[in-house]
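Notebook open, structure loaded. I'm jotting down what I looked up, roughly in the order I went.

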Amino acid sequence: MSASENESLLGEKAYYVTTPIYYVNDAPHIGHAYTTTAGDVLTRWHRQRGEKVWYLTGVDEHGTKVQRAAEAGGVTPQAWVDRLVEESWLPVLETVDAVNDDFIRTTDDRHVARVQKFWEKVRDNGFVYSAPYEGPYCVGCEEFKLPGDLVDGTGEYAGQQVCPVHSRPVEQLREDNWFFQLSAFADHLIEHYEAHPEAVRPQSAYNEVMAFLKQGLVDISMSRSSVDWGIPLPWDDTQVVYVWFDALLNYATATGYGSEAGTDDAATFATHGQDCHGDRAGDGRCRSRRLGSCHPASIPTRCFSILL
């Protein structure tokens with residue numbers, strides 16, 4: 001769909017459907033087909049109602065797991081993901097007859113440029129700073145862990161602290177990274193959710209969310225220096241954007257965030273603020289993040305206005 005073929009989504013209600021951003025360290029499985037089909041059913045239903053729908057799917061191609069899988073396969077990370085996408089991931093869309101409007105890859109030039117633009121803006125506004133990081137890291141989760149997150153290992157890992165998700169030992173890292181000042185937004189988030197309790201779904205999670213926020217938020221490393229397969233920071237070419245801070249932005253970069261005026265994307269996605277829906281991954285965890293096109297109460301607008 002392009003601006004020349006379709007009128008802008010601005011003006012009347014539109015519905016934005018996304019799958020999770022799939023990780024391509026290996027070929028897809030039945031769980032990926034399930035979530036793609038679920039999004040496809042939802043898309044077709046809304047289109048039958050005469051509503052405008054934009055259905056997005058795509059793949060997350062960066063990070064340590066991909067880099068190591070490529071090394072084990074004796075090829076470059078780019079060659080590894082290119083082969084997987086062409087031979088394994090795109091054919092699944094044909095097999096399930098998905099009617100997606102877009103397929104985004106986090107190695108796409110449009111995504112890379114828009115992620116760099118996003119983080120440069122956040123840094124310019126004073127919410128990114130340099131600091132050392134030392135602590136446990138789970139490659140399987142692609143996630144820094146707190147010591148309290150770990151559990152005692154069993155079997156061959158008895159006597160070691162392991163990731164509770166993968167039941168494997170974590171790696172101890174020390175890096176000089178760039179951090180996102182998440183702690184600056186705790187009060188704004190609390191104020192927003194107190195004013196809009198309906199933004200927390202399900203409602204039963206409201207007290208848990210508020211308790212988490214009121215205990216204080218911790219700043220998060222938004223870059224990696226020990227990995228070179230990722231999006232380079234525009235102000236520091238020795239670092240790449242931490243994979244989740246790259247991948248989760250796809251829901252916004254694929255719908256026009258950072259697009260240049262006069263382009264098809266800028267015309268098609270003339271505003272953010274439509275309804276959106278994200279499907280759950282095959283393991284049951286919802287990986288879709290509402291970063292752009294959402295019900296207004298779902299996003300603390302004040303936080304975004306301060307951030308960007």
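Predicted model: local features only at pLDDT ≥ 70, side-chain atom pairs only at ≥ 80, totals over all residues.

I began with contacts (heavy atoms within 4.5 Å): among those in the chain between residues at least 6 apart in sequence, 72% join residues at least 24 apart.

Numbering runs from 1 along each chain as its sequence is written, and side-chain values use heavy atoms, with hydrogens and water left out.

Next I checked burial (under 20% relative accessible area is buried, over 50% exposed, partly exposed in between; 1.4 Å probe, protein chains only). Of the 308 residues, 49% count as buried.

I then listed 10 helices and 13 strands, which are DSSP runs numbered from the N terminus (helices H or I, at least four residues; strands E, at least two).

On to helix α6, residues 206–214: Tyr206, Met210 and Leu213 are buried there. They line one face of the helix, because the buried residues fall within an arc of 60 degrees seen down the axis (directions from the helix axis to the C-beta atoms). Asn207 and Glu208 are exposed on the other side. The cover over the buried residues of α6 includes α5 (186–195). After α6 I found Gly216, with a positive phi near 100 degrees.

Last stop, Asn177 in strand β8 (residues 171–180). Asn177 counts as buried because its relative accessibility is 0%. Its side chain makes a polar contact with that of Ser221 at 3.1 Å (N or O atoms within 3.5 Å, one able to donate a hydrogen and the other to accept it within protein; residues adjacent in sequence count only if both atoms are side-chain atoms).
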